[in-house]
Each structure stands twice: as C-alpha cells, then as structure tokens.
Amino acid sequence: MTVRTVEQPDPVTLVAFNRALAEHADGLKAYAARMLGDSTAAEDVAQDAFLALYRHLHQVPSSAFRPWLYRVARNLCLDQLRRRKFKLSLFRDLQRDDDQSFTAEDPTAHAPDQLAESREANAAIESAIEQIPPKFREAFLLCEMEGLSYEDAAAVLGCPVKTVSTRLFRARKRFQSLVSRLIKV
Amino acid sequence: MNCRTAHYELSLNLDGRLPSGRHAMLMEHVDGCGPCATLWKELQAAQSLALRMPRQRVSNGFRDQLWQRIQSGEGTPEAVFREPVPLVSKVRYVLAGAAAAAAVLLALDALQPAPEKSRSATEGVLQPRLVARGDATPGNTQPTASYASLAPLTPDLLAREAALQFRNNYVQASSQLAALEGRQAGSTAQGAEPIVRSVCDHAVQMHDLGSVLLRLREDEHVTFSNPQVDAELRMMVQLLDEERLSRGDMDTVRTVVAPALRRVHRIAALPEDLRVRGIWTPAERQQVLMRISIDRPQVIGRLFYVMPGQPFPGKDVPVVDPQLQGRIFVFQDDCGTNLVAPRSTVANPATLLRLGMQPAPEAATGTADRASTSQPPR
C-alpha cells in the first residue's frame with residue numbers, strides 16, 4: 001500500500017462519487033459479505049473499493065462506477081480468500097455474525113414463533129445461495145441480489161454477456177430447486 | 001418453441017430482457033405447457049424470496065472513516081488490481097512456456113553448423129525445410145523454406161506487434177511534441193509544419209492500433225495486467241478520434257494530441273502489460289485475423305511487411321537472410337496466401353526487398369531500429 005498526496009477531483013466528479021457512496025456502499029458490503037462470509041471484512045472491502053475509486057476518479061467515467069466498484073470488490077475478496085487459503089465457501093461464519101446478521105428478522109413478523117420462522121426461512125435461503133456452484137453463484141449475487149445489469153455483471157466477471165445470462169439461468173434453476181419447500185405456488 | 005429454450009428464456013423474461021414478440025411466444029408456450037407454467041411460477045416465487053432477504057448496511061462510521069483514509073493520502077490497496085488467474089490459464093501459461101523453451105532450444109540447435117550428413121535427418125521436420133533451388137548453381141545455392149513449414153500468423157503475434165508499434169508511435173509523438181513546444185517557447189515556429197504532420201500521423205496510428213487492441217481485449221483474446229494501462233488506452237483511443245485528427249494542423253496538436261498524451265502515465269508499459277491467450281484453433285485464429293483485416297485493413301500493413309499472394313509457385317520461399325528465419329509467417333486472406341514479417345523483428349528491411357515484400361515508408365511506420373532503441377519517456 002502506498003501513501004500519496006491528496007488530489008482534489010473536480011466538483012462534478014466529487015458529486016458523482018458521493019452519490020455512488022450513498023447508492024452502492026450497502027450493496028457492495030452485502031456482496032462482499034456473501035463472498036467472504038464475514039461482515040467485518042466485507043465492510044473493509046467496501047471501503048477499500050471506494051478508496052480505490054477515489055484514487056482513480058480521473059480514469060473511471062461516472063457511468064462505470066458501479067461495475068468498477070464491484071470488480072474491485074471481487075478482486076479484493078478473491079485475494080482475501082486466497083490468502084486465507086479458503087475455498088470459496090460463502091457464509092461460513094454468517095451464523096456467528098450477530099452484529100448485523102443477514103438472517104435478520106422479517107420486520108413484519110412480531111410474534112416469537114413468527115420471528116423464529118422468519119429467521120429459519122432466511123437461513124434456509126442463505127444456505128441455498130451457498131449451495132449454488134461458485135461460478136453460477138457470482139452471476140446470481142451480482143444480477144439477482146445486487147440488481148446489476150447483465151452488461152455490468154459481465155464487466156465485473158470479465159466474461160461475455162451471454163455467459164452471464166446462462167450462468168444466471170443455471171443459478172436460478174438451482175436456487176429454485178433448493179428453496180422449493182419454501183415456495184408456495 | 002421447445003421447453004429447453006423456454007426455460008432459458010423464462011430467466012431472461014424475469015429480467016425483462018425479451019423483445020415483445022419473443023415474450024408473446026414464450027407466454028403462449030407457457031400457457032399451453034404445464035411443466036413450463038409451473039417452472040415460471042416457481043422462478044418468480046424464488047426471485048421474490050431472494051429479493052425479500054434483509055439488506056446489509058454499512059456501519060455509521062463508514063463514510064467518516066473513508067474520508068479520513070482519503071485525506072490521509074492512503075493509496076490504493078495492491079490487491080485491487082490483482083486479477084485472479086484461472087487454473088486453465090495457468091496450465092496454458094505453463095504449456096506455452098514449455099513450447100517456447102522447446103522452440104528456443106530447437107532454434108539454437110538449428111543455428112549450430114551441422115555436418116552435411118546430419119542435416120538431411122532433421123530437415124523438413126522441425127524447422128523450415130532448407131533445399132537448393134533448381135536454378136541455383138553449385139556454390140550459389142539459396143536456402144528456401146516450404147510454406148508448410150512456416151508458422152501461421154496468430155492474433156497473439158499481431159497483438160504484441162500492435163502494442164510495440166503503439167509504444168513506438170507514442171514515444172515518437174511525445175518527443176516530437178516536446179520539440180514542438182521547445183520551438184514555440186523559443187519563438188522559432190518556422191519549419192514546424194513537418195513535425196506537426198508527423199505528430200498527427202503518429203496519433204492516427206495510435207488510434208488505429210489502440211482500437212485493434214481494445215477490440216481484441218473486448219473479445220477476451222488479450223488482457224492487460226494493469227487496469228490503468230487498459231483505462232489509458234481506452235482514453236487515448238477515444239480522444240485521438242480520427243475525425244478530430246482530420247485537420248492535422250497545429251490546432252489539432254494543441255487541442256487534441258497534446259492533452260491526450262499528457263493524461264497518460266503508464267501507457268508506455270503497454271507491451272509489457274499485454275497478456276495474450278497463447279493457444280488458438282486454426283478456425284479461431286483465422287476468424288479473428290480476417291475480422292481485423294476487414295475492419296481495419298490498413299493495420300496489417302502497418303504492423304507487418306507483407307508479400308501478398310503466393311509468389312513462389314514452386315511452394316518454396318527463399319530465405320535470403322538467415323536472420324529472417326522464424327520471422328516470416330503465413331497469413332491467409334481473401335487474396336490467398338501472404339507472407340508477413342513483423343516490422344519490429346526485421347533489423348534490415350532491405351533484405352525483404354529480395355523476397356518481394358514492400359517495406360513501407362519510414363515516416364509511417366515503426367521499424368526494428370526504433371522498436372529496439374526507443375524507450376518510454378521518463
């Protein structure tokens with residue numbers, strides 16, 4: 001990591017950066033948390049990604065902020081996973097992350113039995129996402145969970161748009177079969 | 001429409017990515033097909049389950065901490081640009097490395113003066129076949145190489161050459177721009193016209209070569225190890241737009257070329273940062289090269305000395321200069337078989353004249369001398 005002098009971007013770019021910070025920070029953290037299975041590390045990844053964006057503001061057009069941030073976050077996550085010598089196992093420690101759990105309660109569920117049910121359902125969904133093969137899961141996390149377009153997801157994953165749509169389709173089918181018991185059609 | 005197609009399109013339909021006609025066809029199929037109708041409902045339900053999941057939020061201090069880090073001047077973490085290398089690519093690199101090592105060993109072996117009797121044992125197998133041409137007199141034999149033994153031109157080779165030539169043009173344009181600015185500062189703008197033209201020529205070539213590299217990158221045939229190089233290349237291609245350069249005068253240099261050159265810092269490392277694919281099937285190779293030669297026909301000529309058509313009906317190519325061995329490649333296009341030699345590898349273009357290749361005018365190209373001596377500006 002290097003230390004450099006602070007350069008102020010122009011006001012228009014700064015506004016775009018602040019908007020990106022407001023709009024994408026949560027999503028970026030959620031994405032990183034699912035990649036790493038660790039919400040504290042995920043917040044660091046999100047912050048590192050924004051720091052990198054700030055340092056490269058003059059090179060990245062504001063329309064490309066989102067895919068750029070996700071790509072950087074993905075690189076950081078994969079680097080962490082590699083360093084930890086983890087396999088890409090998502091949500092490993094998720095159940096222990098009680099500070100801000102993914103499996104938070106359904107706000108509409110108030111009764112204890114409803115809360116328990118909601119928590120159980122969310123855990124089952126997280127577990128289902130975890131069981132999607134990694135290659136397909138990445139497309140699922142980006143497109144389905146974070147709402148990126150196929151084009152942006154392709155830029156993040158470094159693959160053609162067609163590949164993204166195929167991977168997403170397979171991920172959805174797998175996810176649908178895994179959560180079928182929760183689905184009331 | 002069969003169910004298999006319908007299943008895939010149902011996923012696209014969830015994201016609203018089907019054209020209206022296709023959407024209508026899909027819905028018509030779903031209405032008449034029980035299993036597809038069930039899957040459609042289940043996919044919708046599964047999607048709403050996924051979207052119902054609670055969102056993680058960054059902590060309250062996230063923004064403040066980020067601004068503190070920014071203000072402290074902390075740089076970008078190195079891992080930001082550390083792209084994962086897939087296992088398949090690693091295997092490819094190993095294979096390509098082994099192949100390159102074998103090629104070097106064979107080339108070294110071929111350069112050793114071999115006894116006459118041992119030559120026949122190796123000729124035509126692993127190196128260009130060396131034979132005496134029919135019209136040669138004893139003592140005046142001219143070595144030749146069969147077409148079959150010449151390596152085909154590959155997109156990798158083209159990309160590498162494009163990166164080298166791009167850098168040559170960048171170096172030339174930068175130094176000429178500096179000279180131009182020196183003249184202006186000293187009020188000796190007289191005679192600047194040829195330099196202005198040359199700077200614009202280099203800019204046009206950077207645009208062409210950069211466009212080819214970006215296209216190869218978009219199609220995932222090449223990558224750049226440093227994203228900054230990638231970004232700078234994109235920016236240069238965008239700024240050095242053909243239309244904006246069309247006037248080719250001092251104003252163009254001042255308002256288009258100079259700002260573009262001043263905004264880049266890493267572009268000189270383009271050849272080193274280029275990562276090529278390494279392995280091609282003949283069909284892929286041909287498809288990519290043909291597309292480049294059709295989209296940007298001028299580029300092939302800028303990168304290679306070209307001998308068009310199959311000039312030697314006897315199917316053997318005279319290799320007049322031993323140094324050209326291994327530097328001539330075969331390229332098939334609509335006109336037939338061409339021989340090409342990368343400009344950066346040919347030290348003495350005059351030898352190519354005897355092959356019938358046309359060295360292009362110096363001003364428009366980067367030759368081996370420039371390629372080997374020019375260094376990125378510091």
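# A tour of chains A and B

Select chain A to begin: it has seven helices and zero strands, helices being DSSP runs of H or I of at least four residues and strands runs of E of at least two, numbered from the N terminus. This is a predicted model, in which local features need pLDDT of at least 70 and side-chain atom pairs count only at pLDDT 80 or more, while totals for chains, interfaces and linings use all residues. Residues are numbered from 1 along each chain as its sequence is written, and chains are lettered from A and ligands numbered from 1 in the order in which they are written.

**Chain A as a whole**

Followed along the sequence, chain A reads α-α-α-α-α-α-α. Of its 185 residues, 44% count as buried. A residue is buried if 20 or more other C-beta atoms lie within 10 Å of its own, exposed if 12 or fewer, and partly exposed in between, with C-beta atoms placed from the backbone. Contacts here are pairs of residues whose C-beta atoms, placed from the backbone, lie within 7 Å. Among contacts in chain A between residues at least 6 apart in sequence, 63% join residues at least 24 apart.

**The nonpolar cores**

Next, select A:A32, A:A46, A:A49, A:A73 and A:A153, which touch the most other members of the largest nonpolar core, a set of 59 residues. Such a core consists of buried Ala, Val, Leu, Ile, Met, Phe, Trp, Tyr and Cys residues joined through C-beta atoms within 7 Å. Helix 1 (residues 11-36) of chain A gives the most to this core, with ten residues. Centre the view on A:A49: beyond its neighbours within four places in sequence, A:A49 is in contact with A:L28, A:L69, A:V72, A:A73 and A:L76. A second, separate core has 55 residues, including B:L157, B:L158, B:L180 and B:V222.

**Helices 6 and 7 of chain A**

Select helix 6 of chain A, which is mostly covered, with six of its eight residues buried. These are A:Y150, A:D152, A:A153, A:A154, A:V156 and A:L157. They pack against helix 3 (65-83), helix 5 (134-145) and helix 7 of chain A. After helix 6 of chain A comes A:G158, with a positive phi near 70 degrees.

**Chain B and its side towards chain A**

Now show chain B, with 16 helices and seven strands. Of its 378 residues, 30% count as buried. Select the interface: 40 residues of chain B are in contact with 46 residues of chain A. On the chain B side, helix 1 (3-14), helix 3 (34-51), helix 4 (62-71) and helix 9 (227-239) are the elements that give two or more residues. Helix 3 of chain B gives the most, with nine residues.

How values were computed:
Contact = placed C-beta atoms within 7 Å.
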